[in-house]
Amino acid sequence: MSGPAIVQSDRSVLLEVAHAGFAGARERLAAFAELEKSPEHVHTYRISPVSLWNAAAAGLRAEEIAHTLVELSRYDVPQAVLADVRDLCARYGRLRLLDGVGGLLRLRSDTPALLVEVMRAAPVAELLRGCTGPCEASLAAPARGPLKQALIALGWPVEDLARYEDGDALAVQLRDELELRDYQQEAAAAFSAAGAGVVVLPCGSGKTIVGLAAIAAQGAETLIVTSNATSVAQWRRELLANTTVAPEAIGEYSGQAKQIRPITITTYQMLTHRPRRDGGFPHLDLFERREWGLVVYDEVHLLPAPVFRATARIQARRRLGLTATLIREDGAAPLVFSLVGPKRYDAPWRELEDAGWIAGAECAEVRVPLAAEPRMAYALAEARERFVLASGNRAKDPVVRSVLSRHPGAQALVIGYHVAQLGRIAQQLGAALITGNTPRHERETLYDAFRAGDVHVLCVSKVANFALDLPSAAVAVQVSGTFGSRQEEAQRLGRLLRPKPGDNRAWFYTLVSHETCEQDYAHRRQLFLAEQGYRYSVLSPEELDAMPALGNRPERAAA
Amino acid sequence: MTAIAEFVAKASKKHVRAVARALGLDEGNDYKREIQRALTDERRLATLLDRLGDDARGPLAGVVFAGRPIEMSQYGFERRAPSRAMLELERHGLLYGFEAGWSHHYVLADDLHEPVRAVLATRAAGAVADATAHSFIAAPLQTAHDAASLWAHLAREPARLKADGELYVRASPKLAAALAPIEFGDADQARTARVAAALRLLRDDELLRVRVDDRPGGGGRRELVPAGDPTRTLGGDPVRLRNRLMSRAQEAVEPDIAVALVRALAGRTVELASFAAAFCGLLAQSMGRLPRGVTAQELALAGLGPIWHAGGLELGRDADGGLVAVRCAPAEIDAPEGLLGLCQGNFEIVALREPTPPERVELELIAERCSGQTHAFALTRASVAAAVRAGRALAADGPVERLERLVGELPQNVARSIDGWAHAGRTVSLRSALFVDAGDAARADELAAGPLAGMVVARLGEGLLAILADDLPAIERALAGAGLPLEPGLDRVSGRWIERDSATSAAAESAWQPCASAPPGLLGFRPRGRQVSTIGAQAAAPTGASSTLIANLATLIDEGKLVELSLCDQGRYETAVVIPTQLDGDQLLGWCEDCQQEHAFSLQSIEQVALAA
């Protein structure tokens, strides 16, 4: 037994954490494979066409990748994997987009046959204006994005070497008191050097700061697209707190206001809003309403299809994608690669955790039995009602109190899906409740009070799922959730990962009704967190009660 | 089945003397012993076979590799004298001829089979060139691993069977997908061959049974389900297991020839191309001809594949991954060290070394292999429930304990969930029970206390004794022993108007075969069985619709014989086992045993007609 990795024929790579060569192997693998799962003992990496093209874009050669695989692998590397690596890597760079004359662009291939082959595909042919040589064809500038999209669908990624438009200048500087962490500096520099691409950093590690650094480096008007209104407010707050940009230069393009200013912040939901189901997207032209020098896509893994189309039209603008994961469950990763750009920076969360930049978290699932009467109601209920009955289990209420009593004085969030249930719990705890109906200013007031430590417990509905920055939250109790949504689980946990004073620890509890369908859904969510490397324990309410207050030191699986 | 000594003992003195003279033995020697010694001395035998020429070596190869008895017979023709080659072989004591009515039978003594095989293989291997390879791929005990995977898969998802015992077509892809991916073993045809070999192994070791849903209204659904304890059969000494797999593989002609060549080339790494040439030479000698439309390398791989999957050799490949060499030495079987792997909090088991076949049974029973992966397995509610159901036969303890023996302590959340799933996954089963109707209470008492003691499950009413259906044969024997034979038949309640005879179930069970005909080998070529005797063995097969063929067929139709047709249609080679019924113009009509329906065969496509045993 020698190498730390096992390369499998489906192009997955298993990497043993306890192996002496783990750290070096991880670094080498990350250059051409995406980390798919990182549970405690063995991490799974996935070699995909996009990951290989990302590697090729970063200058890695196929032979180096093959050599790395052979060197790291414990067993013979399947021949088909090596052949795929060579074949896929060889595709990157064979087609290049270059500047042309008269505002046109040139598509150049390394062989005449390749150009002929791709031009035979109708979606490509209709974007090209004709051949200007045996290996070259011209196209109009607006066709740049659609062509890249069409070519990647054929399996031919284009190396985009055409220039970017600088956009209208904007004087922005980071404030002196903001000290960028090393990885934030590296990420911003890697992006700035390329002009387009994606930065992958874990939740809570300060991706927004990387965005600010990119804006400052670019010194141009910027459009920021993010996931929801809370995140819009957060970006605005961060811009004002950490950059020299004036408040009047920041616009918010949302349901409430349609301000288009040198730095404009909007949401994917806003851009994809359409008054009629079969109508167009009236707000998508925001991309072209100003001469943006930079477009920032926050949570780029959520980028919806219409925004891809709009992005395809603005390929001459610099684009920064920010995300915690490049893996898209809808298989749209190649579109992110071709239209936003290749991955430019990636930092493993374990390193950030070890350095204290994000908090360690311990997860526990508490299985709460249903009382006799609701148990019978559950048994007799239709399948659809069962989940509601299980997740609304009133026996969870005292368990919430029990959890909170284990963490006296800790800043805690009680998160749920059912507003009635949350209202009941909030009342019992004497805590404030935030739901979708809570007016925005009231929400912000409560969040500020929570941040300041004036409020210790907040009960929040799914409005708190995304991009809510509550750095002091150290305990989360999830009393109900949507059916097994892994993303929701990750986002909720993400709320806790900001560095904490003291031992830098956080606790994440999920309450589920024992022997119900809720337990099955919770299993899926549990799997996801375990795959991210969080140790998960399963407890009964009695076991929870028996645990000493704050005595069970949270642990992350050893890396 | 007879040894040389027995033939010599029964032969006339004149014949023995003639054989001794032909073998160059001195007069006055103890002929009987000397003849045996001379013929089993491989060097002398090689010299002798060299001298006798191809006409004589061909029939011998047919006997030792293809199991083709040598018969000289003619249907519809006047008898003719044995060939010169036959007479030479007989004269040298290699064959003994017997006359039986229409035909001459020639028999090779049992103790000559191995020496003749070795000599013929060594002769064929003479031109095989040495080679080197960039890397070697081994598949030690792969057939046993495949059997383990299938057993576990069937525990989770039984395969539907047709009434005649064949697998439904739609079951095949699922079975193929249940096998772990291996290099050069994942093409559809290769997987089909692996499934067939593994099913044969399981069937022969009685690790499969047919479950027939004979419940009233059940429709008689038939399913192939696992039985017995495969960890015992697939465990033990791995070298012995490999030998067992090899000898099973050798039941087909091509692997048998491959094994003979590998033994002749023992320890060498040889060029695949020249190995294939030698293989084809020997195959042609054994079968009389080579199938068309298949390359020499494909044919050789059809022979090498099953042996490779048993672990009898390794295949070498060049830097581009192409197969270029054969290492004629058994693949090394790693002795398992320490735990198999580990279990993670995300319900994933990672095997950090190759499992042994018994470990694979346990592992793949409790956890599902992640699709397309060889080392990652997922614990799911369904897999744990299946393990609880099927695992009773394997171990008394629960899935957590069984898993911990493989991968050490489980993470707390995993152990807790598995316990919950195992608890919820427990099932109760419906089993057939029968009643022995003793007629009256006194007779029932007498039987329960006497011949049926220990076999009666419950007493119902005055004269009814409930017994388990599985115990029926023992009950029958006990009652017969006590002079109380059971009445034939079974008085059974059924929800169906057309009563399904219980014998049908038994028939299906006994008739079950992994596939209709011999399984395809590596790359899909079908190794052929041996139980065929040829008509006009050494005569060239008639091509086209000759009058000879028509005359032969007419005779066979009259006699109602079961025959094997060798067919060649547009370069495609296949065989069909048929009862010919009628000649219709340029077609032969017959009942095809393979597809169980009447078929018409073009006379132009019939290359050879052989009596099926």
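This is a predicted model: local features need pLDDT of at least 70, side-chain atom pairs count only at pLDDT 80 or more; totals for chains, interfaces and linings use all residues.
**Stop one: chain B as a whole.** Select chain B and color it by secondary structure. You will find 23 helices and 23 strands. Of the 613 residues in chain B, 41% are buried. Now turn to the contacts in this chain: among those with a separation of 6 or more, 66% are between residues 24 or more positions apart.

**Stop two: where chain B touches chain A.** Bring chain A into view alongside chain B. Here 24 residues of chain B are in contact with 27 residues of chain A. To see what chain B supplies, select β4 (135-137), β12 (348-351) and α19 (412-425) of chain B, each of which gives at least two residues to the side that touches chain A. The largest share comes from α19(B), with 4 residues. Color that side of chain B by class and you get 12 polar, 7 nonpolar and 5 charged residues.

**Stop three: a strand in chain A.** Move to chain A and select β4, residues 42-46. Is this strand largely enclosed or open? Four of its residues tell the story: 4 of the 5 are buried, so β4(A) is largely enclosed by the rest of the structure.

Select β2(A), residues 12-16, which runs antiparallel to β4(A) and is joined to it by 5 bridges. Zoom in on A:Glu16 to find its bridge partner, A:Val42.

Then select β3(A), residues 34-37, which also pairs with β4(A) in the antiparallel sense, over 3 bridges. Here A:Glu34 has A:Arg46 as its bridge partner. Follow the chain from β3(A) to β4(A) to finish: the two form a hairpin, with 4 residues between them.

Conventions: Residues are numbered from 1 along each chain as its sequence is written. Chains are lettered from A and ligands numbered from 1 in the order in which they are written. Two residues are in contact if their C-beta atoms, placed from the backbone, lie within 7 Å. Ala, Val, Leu, Ile, Met, Phe, Trp, Tyr, Cys and Pro count as nonpolar, Asp, Glu, Lys and Arg as charged, and the others, Gly among them, as polar. A residue is buried if 20 or more other C-beta atoms lie within 10 Å of its own, exposed if 12 or fewer, and partly exposed in between; C-beta atoms are placed from the backbone. Two strands pair if DSSP finds at least two bridges between them.
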